[in-house]
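Have a look at the model first, then work through the solutions step by step.

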Amino acid sequence: VKRRTTAELALLGPAPRVLRQQWLYDELRAAIVDGRLARGAQLPATRDLARQCGVSRGTAVAVFEQLRSEGYLVGRIGAGTYVSATFPEELPPHSRGPAARADAAARPRVSRFASRLSPVQTRIADVPRPFLPEPAIEEFPITLWARMAGRCLRGATRSMLRNADPRGYRPLRQAIAEYVGASRGVACTAEQVLVVSGIQHGLDITTRVLLDSRHRVCVEDPCYPVVAAMFTAAGATVVPVGVDDEGLDIEQAKRWCARPSLIYVTPAHQFPLGSTLSLRRRIQLTSWAHATGAWIFEDDYDSEYRFSGPPIAALKATDPHDRVVFSGSFSKVLLPALRLGYLVVPRTLVEAFAAARQHIDGHPSVIDQAVMCEFLTQGHFGRHLRRMRELYATRLARLRDATDRLLRGAFTLSDIDAGLHVTAWLAPDLNAERLAQDALAHDVHAIPLSRFVLRRSRPQGLLLGFAAYDRAQIDHGVERLAIALERLARKTGAG
Ligand SMILES: Cc1ncc(COP(=O)(O)O)c(C=O)c1O
């Protein structure tokens, strides 16, 4: 049955350095494979799609041709193009077209999970490139860490060097339980703490423990794209729900996502927009989860960097029903390369999480955990955090000053209380995607907000990280943004 699609396609914006043809191909193929574009649905005309996606018509035609030759699309360009009723991977090998057969031979057969993932982007930048939302790596006390690592290794006991508890090194779990108790109001025991290699790893374990194929997951829109991609790849149905100044819109969530299995939120400061989940919504959210039997995944990344406003406890601190899986990370607070983070899981889930961990990768590296434990318990962590909070506050002020001087009228920086980035809202006549591309040509990385949008219309904003850059780098970055802006104005004026 052929069906006409009238709605615009919601595609994630391209990542830096991905060719637009590759991006459009990946996005359309993903939309087809994961069912956002139903079988038999008519695709927009290439001309309309090209305009909508900001690519040339030739690019759109080439992408359609490729997907048609692979068997994902049928029909002729000009006479209507439709999503195939049967996908190439579902056909017996002999009945696939020659191009699809050649393509299948070149590409190994992988699982449905693997075929739904986006390709790896290797970003190697030895020079700081404003304005990525990264921490100031050179401020990390590397000599101190190295000294402590040496001491930990030399003093390692036999039991430390053998296989260990899948939840992690007990003394570190104890230190984390005390830390989240004091700083985030999360009352828990070391038994509930799982050391993981970052929040992303925590999400992976959570997905395996709590989700089955076709379970519904309520996700903030916009959000960190890896999160939605992981749920989708696991076969769950992602239901994007809007956010506003009070965080996730719970009423909308209830209407759009009846009986979710999991609700993913960033209550401390919404990623990427920065709002804090209000007290009223916190109560609504935990009651809703309790009533529907849903679990909540609380992504508390970066909450340590709060510059203004009163400190706000974690959602888990005020959850009377023990439905929240709380997650934190040392990636941004210390070093991205550490790959260390933690989960605090509801009491009833401790065993399931520990068993999953044991079956996935055994346990985390004890050596790194032992150093992290000393760093926390000897007060170095708190000192580093205080120092970074001050430094980052001055860098944020510098970014505000520089944009005010050079980009006034074109950029409005959002008010933020926490985090390592700020949203720059653009004047209505500016296109964030195009500006970001031009800025990249000037070595400035300003990520368009559209990159984080799942379903809602594309907001014209850019995400500007400020923490990793000193005064001169911030000034230089803003000057280059101003140049990119001027060029764009000239181009669009001329066109
Ligand atoms: C909102 C959000 N959650 C989770 C992560 C991943 O955190 P980790 O490095 O601890 O895996 C990021 C990384 O940027 C993020 O922005």
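**Exercise 1.** Does Lys-491 count as buried, partly exposed or exposed, and what is its relative accessibility?

Before we start: this is a predicted model, where local features need pLDDT of at least 70, side-chain atom pairs count only at pLDDT 80 or more, and totals for chains, interfaces and linings use all residues. Residues are numbered from 1 along each chain as its sequence is written, and side-chain values use heavy atoms, with hydrogens and water left out.

*Solution.* 
- Take the classes: buried is under 20% relative accessible area, exposed is over 50%, and partly exposed is in between (1.4 Å probe, protein chains only).
- Lys-491 has 42% relative accessibility, so it counts as partly exposed.

**Exercise 2.** Find the salt-bridge partner of Lys-491 and say where the two residues lie.

*Solution.* 
- A salt bridge needs a side-chain nitrogen of Lys or Arg within 4 Å of a carboxyl oxygen of Asp or Glu.
- Lys-491 meets Asp-438 at 3.2 Å, N to O.
- Lys-491 lies in helix H17 and Asp-438 in helix H16 (residues 432–441), so the pair ties together parts 53 residues apart in sequence. Helices here are DSSP runs (H or I, at least four residues), numbered from the N terminus.
- Asp-438, at 13% relative accessibility, counts as buried.
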